[in-house]
Amino acid sequence: MNPDDALEARLLAAHENADLRGLSRLYRQAAEMAERRGDRDRAAFFLTHAWVFALDAGMAEADVHARRLRAWGRS
């Protein structure tokens with residue numbers, strides 16, 4: 001199984017279990033993978049999801065995600 005497939009499977013499981021913290025972390029990981037590939041639009045899409053789930057879960061990482069999105073001009 002390639003890394004993208006494994007991450008997708010973990011994301012689907014986290015959605016099924018309503019694991020907000022896990023979803024935030026997994027979407028952040030997907031954003032980092034997309035950024036490494038040079039796809040900033042895809043990275044911003046995933047990071048926005050990470051931010052929303054972090055907000056819903058009350059995670060401190062939400063602020064980090066918001067700052068990163070603003071730095072990318074995605075506020």
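Is E32 buried, partly exposed or exposed? With a relative accessible area of 28%, E32 is partly exposed, on a scale where buried means under 20% relative accessible area, exposed means over 50% and partly exposed lies in between (1.4 Å probe, protein chains only). The structure described here is a predicted model, in which local features need pLDDT of at least 70 and side-chain atom pairs count only at pLDDT 80 or more, while totals for chains, interfaces and linings use all residues. Residues are numbered from 1 along each chain as its sequence is written, and side-chain values use heavy atoms, with hydrogens and water left out.

R28 forms a salt bridge with E32, with 3.4 Å between the closest N and O atoms; the term stands for a side-chain nitrogen of Lys or Arg within 4 Å of a carboxyl oxygen of Asp or Glu. The two residues are four apart in helix α2, and are thus separated by about one helical turn. Helices here are DSSP runs (H or I, at least four residues), as strands are (E, at least two), and they are numbered from the N terminus. R28, at 28% relative accessibility, also counts as partly exposed.

By this rule, five salt bridges are counted. Another of them joins the side chains of R40 and E35, at 3.5 Å from N to O. Both ends are partly exposed: R40 has a relative accessible area of 37%, and E35 has one of 29%. A further salt bridge is formed by D41 and R74, whose closest N and O atoms are 2.6 Å apart. D41 lies in helix α3 and R74 in the segment after α4, so this pair ties together parts that are 33 residues apart in sequence. D41 is exposed at 54% relative accessibility, whereas R74 is partly exposed, with a relative accessible area of 35%. Salt bridges that share partners also join E35, R40 and R68 into one network.

Attention can now turn to the aromatic rings. Three aromatic pairs are found in a search of the whole structure. Rings of Phe, Tyr and Trp (its six-membered ring) pair if their centres lie within 6.5 Å; planes under 30 degrees apart count as stacked, over 60 as edge-to-face and the rest as tilted. Y27 and F53 make a stacked pair, with 5.8 Å from centre to centre and 5° between the planes. Because Y27 lies in helix α2 (residues 20-36) and F53 in helix α3 (residues 40-57), the pair ties together parts that are 26 residues apart in sequence. Both residues are buried, Y27 at 10% relative accessibility and F53 at 15%. One aromatic cluster is formed by Y27, F45, F46 and F53.

Helix α4 comes next. In this helix (residues 61-71), the residues A62, H65, A66 and L69 are buried. Seen down the axis of α4, they fall within an arc of 100°, so they line one face of the helix; the arc is that of the directions from the helix axis to the C-beta atoms. These buried residues pack against α2 and α3, where contact means heavy atoms within 4.5 Å. The face of α4 turned away from the buried side carries the exposed residues D63 and A71. Just after α4, G73 takes a positive phi of about 75°.

S75 is placed in the segment after α4 and is exposed, with a relative accessible area of 82%. Leaving aside neighbours within four places in sequence, S75 is in contact with L69 and R70. S75 and V64 are 11 residues apart in sequence and lie 13 Å apart in space, C-alpha to C-alpha.

The surface also has a nonpolar side to show. W51, V52 and L55 form a nonpolar patch on the surface, and together have about 240 Å² of accessible area. Patches are made of residues with over 30% relative accessible area and no salt bridge, with like charges joined within 9 Å and nonpolar side chains (Val, Leu, Ile, Met, Phe, Trp, Tyr) within 5 Å; accessible areas come from the Shrake-Rupley method with a 1.4 Å probe, and for residues only the protein chains shown count as cover. W51 has its place in helix α3 and is partly exposed, with a relative accessible area of 30%. V52 lies in helix α3 and is partly exposed at 36% relative accessibility. Between V52 and H65 there are 9.1 Å in space, C-alpha to C-alpha, and the two are 13 residues apart in sequence.
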